[in-house]
Amino acid sequence: MSDIVGQIALELNLDSSKFRKSLKNLNKTADNAAKSMKSSFSGALKKIAGVAAAAFSAAAVVKFGKDCVESAASVNAANSQLSQTFGNLQGNAEAAMKRVADSSGIVQSRLQGVGTSIYAFAKTTGMDSANALSMMEEALQVTADSAAYYDRSLEDTAESLKSFLKGNYENDAALGLSCTETTRNTAANKLYGKSFQDLSESQKQLTLLQMVKDANQLSGAMGQAAREADGWENVTGNLKEAWNQLLAVIGQPILQAATVIVQNLTSAIQTLTEYAKMASNALSEMFG
């Protein structure tokens with residue numbers, strides 16, 4: 001009996017030793033994390049004017065750093081999505097987005113997410129790359145004009161258009177048209193000489209987009225983005241996007257450091273958890 005107790009005590013002591021060592025390593029990792037974050041953030045802040053940096057309170061600095069990291073992560077994800085979606089056609093896609101941005105007075109990066117998602121959706125309907133790119137550019141221009149004409153944000157209008165193209169016809173009013181079975185059939189017969197239900201999926205998307213374009217032309221919305229390039233909704237939207245891009249640039253070095261730190265902390269916590277389980281099991285065997 002004494003041998004068994006002695007063995008359990010020895011195992012418990014070893015597990016406890018591992019637990020304390022792991023806990024010590026975790027504390028060390030946390031200290032290093034704090035120092036690394038401070039160093040990375042200080043380096044990033046040096047890129048900003050000294051007067052502006054001095055004006056931040058401690059809480060504002062923390063929030064600013066958090067915003068930088070989140071913006072950097074968001075922009076990285078968007079750029080990755082763009083690259084994966086278009087592949088070798090990325091240059092063509094960016095050129096198409098630039099044409100719409102230049103003609104509408106919109107910061108190009110505001111169009112990136114919308115354009116990427118519309119192109120990807122067009123491809124899933126069986127549309128070839130050339131037609132999908134063409135549809136994307138037309139859809140972006142329609143979105144810009146509709147947003148300006150109906151005094152809505154570009155982002156909200158884009159969501160309405162994407163939903164409409166996917167078959168949610170109740171969004172027709174938000175886009176300034178009436179989409180009934182009759183109007184869909186009329187548009188389909190005009191473009192393809194058959195009823196809407198007989199069209200392929202890609203033809204349906206092109207028909208719906210043409211309906212929105214026709215409605216914009218009839219209402220006077222076509223070209224409205226260019227006419228209202230200096231409008232409040234657009235210029236504030238551009239400012240918000242420009243600020244987000246600036247935060248992303250500043251946040252890149254912080255994000256890189258933070259990613260490594262979080263990975264190390266996660267690994268340390270997982271190790272600590274395993275040692276804690278071992279110590280708990282030893283206690284259960286002793287008193288169970």
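Student: Is Cys179 buried or exposed?
Tutor: The general idea comes first: buried means under 20% relative accessible area, exposed over 50%, and partly exposed in between, with a 1.4 Å probe and protein chains only. Cys179 has a relative accessible area of 7%, so Cys179 is buried. Please note that this is a predicted model, in which local features need pLDDT of at least 70, side-chain atom pairs count only at pLDDT 80 or more, and totals for chains, interfaces and linings use all residues. Residues are numbered from 1 along each chain as its sequence is written, and side-chain values use heavy atoms, with hydrogens and water left out.

Student: How many helices and strands does the protein chain have?
Tutor: Helices (H or I, at least four residues) and strands (E, at least two) are DSSP runs, numbered from the N terminus. The protein chain has 11 helices and 0 strands. Buried residues make up 36% of its 288 residues.

Student: Which residues touch the most other members of the largest nonpolar core?
Tutor: A nonpolar core is a set of buried Ala, Val, Leu, Ile, Met, Phe, Trp, Tyr and Cys residues joined through side-chain atoms within 4.5 Å. The largest one here has 42 residues, and Phe86, Met136, Phe164, Leu165 and Leu177 touch the most other members. Helix H6 (129-149) is among the elements that give two or more residues to this core, and the largest share, 9 residues, comes from H6.

Student: With which residues is Phe164 in contact, leaving aside its neighbours within four places in sequence?
Tutor: Contact means heavy atoms within 4.5 Å. The partners of Phe164 include Tyr169, Leu177, Cys179 and Leu208. Phe164 itself is buried, at 0% relative accessibility.

Student: How many aromatic pairs does the structure hold?
Tutor: A pair of aromatic rings is described by the distance of the centres and the angle of the planes. Rings of Phe, Tyr and Trp (its six-membered ring) pair if their centres lie within 6.5 Å; planes under 30 degrees apart count as stacked, over 60 as edge-to-face and the rest as tilted. The structure holds 4 such pairs. In one of them, Tyr149 and Tyr150 have ring centres 4.9 Å apart and planes at 85°, so the pair is edge-to-face. Phe164 and Tyr169 also form an edge-to-face pair, 6.1 Å centre to centre with 75° between the planes.

Student: Which residues do ring pairs link into a cluster?
Tutor: The cluster consists of Phe164, Tyr169 and Phe196.
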